[in-house]
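Here is a set of questions and answers on how the terms for one protein model are applied.

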Amino acid sequence: MIESLESLNGTPIARGAVGEHAVEAELRRLCNQYWVLHDVRLRAKSFLRFDGKPVQSAQIDHLIVGPTGVFVLETKSWSSSTVACGGHFDPFEQVGRAGLLTHVLLKDADLFDRVHNVIVSHQPVSASRNRRYTENVRPGQLLGFVRTRKAVLSEAEAETIASFFLGENQPK
């Protein structure tokens with residue numbers, strides 16, 4: 001087992017885990033008015049379309065629900081060489097698909113359904129045509145970005161939305 005773990009050192013999987021852990025540590029600094037959920041898996045009852053492509057499920061690295069809204073976070077801790085060479089799944093499309101699914105599930109449940117799509121990147125991530133719906137922030141900017149949005153949810157509304165994602169209210 002130790003050899004298996006040592007073989008991951010320096011790999012994209014290890015960098016990703018370290019990056020997500022760093023974002024989790026930053027999110028722990030949010031006050032208790034915010035709900036922070038990690039590794040959220042969503043599934044719609046039927047297929048949706050995002051940029052003409054079918055989507056029915058998504059995995060969200062971090063989901064924040066609080067007075068300033070609902071935030072879908074995709075964490076990227078790619079090296080500068082990974083960003084430069086391309087050939088990876090477009091993070092703007094990835095968070096856009098998850099954001100759309102989040103929006104539809106909330107709307108279908110008659111809950112507040114405006115969603116902020118956010119890429120939290122340790123290196124600048126090149127923009128794609130899906131960028132118009134997504135913010136790209138560094139880990140150190142994340143809390144300021146979340147806290148400075150206009151308040152749109154009461155404490156009870158935020159708790160209801162967080163409970164929706166925590167509980168059995170999601171479609172199977």
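**Terms set against values**

Q: What makes the pair His62 and Thr75 a polar contact?
A: The side chains of His62 and Thr75 come to 3.1 Å. A polar contact is a pair of N or O atoms within 3.5 Å, where within protein one must be able to donate a hydrogen and the other to accept it, and residues adjacent in sequence count only if both atoms are side-chain atoms. The side chain of His62 also has a polar contact of 2.9 Å with that of His38.

The model is predicted: local features need pLDDT of at least 70, side-chain atom pairs count only at pLDDT 80 or more, and totals for chains, interfaces and linings use all residues. Residues are numbered from 1 along each chain as its sequence is written, and side-chain values use heavy atoms, with hydrogens and water left out.

Q: Why is His62 called buried?
A: Its relative accessible area is 0%, and buried means under 20% (exposed is over 50%, partly exposed in between; 1.4 Å probe, protein chains only). His62 is therefore buried. It sits in strand 2, residues 53–66; a strand is a DSSP run of E of at least two residues and a helix one of H or I of at least four, numbered from the N terminus.

Q: Why is Lys45 called exposed?
A: Lys45, in strand 1 (residues 35–50), has a relative accessible area of 72%, so it counts as exposed. Its C-alpha is 7.5 Å from that of Gln56, eleven residues away in sequence.

Q: How do you know that helix 4 is largely enclosed by the rest of the structure?
A: Of its 18 residues, 13 are buried, so the description holds for helix 4. Over the protein chain, 41% of the 172 residues count as buried.

Q: What is the span of helix 4 set against?
A: Helix 4 (residues 91–108) reaches 26 Å from its first C-alpha to its last, close to the expected 26 Å. The expected span is 1.5 Å times one less than the number of residues. Asp110, with a positive phi near 60°, follows helix 4.

Q: Which element gives the most to the lining of the second largest pocket?
A: Helix 4 does, with four residues. Helix 4 and strand 4 (115–121) each supply at least two. The lining includes Gly96, His103 and Tyr133.

Q: How many helices and strands does the protein chain have?
A: The protein chain has six helices and five strands, in the order α-α-β-β-β-α-α-β-β-α-α from the N terminus on.

Terms used: 1 Å grid on protein atoms, 1.4 Å probe; cavity = no way out; pocket = protein on both sides within 12 Å on 5 of 7 lines; lining within 4 Å.
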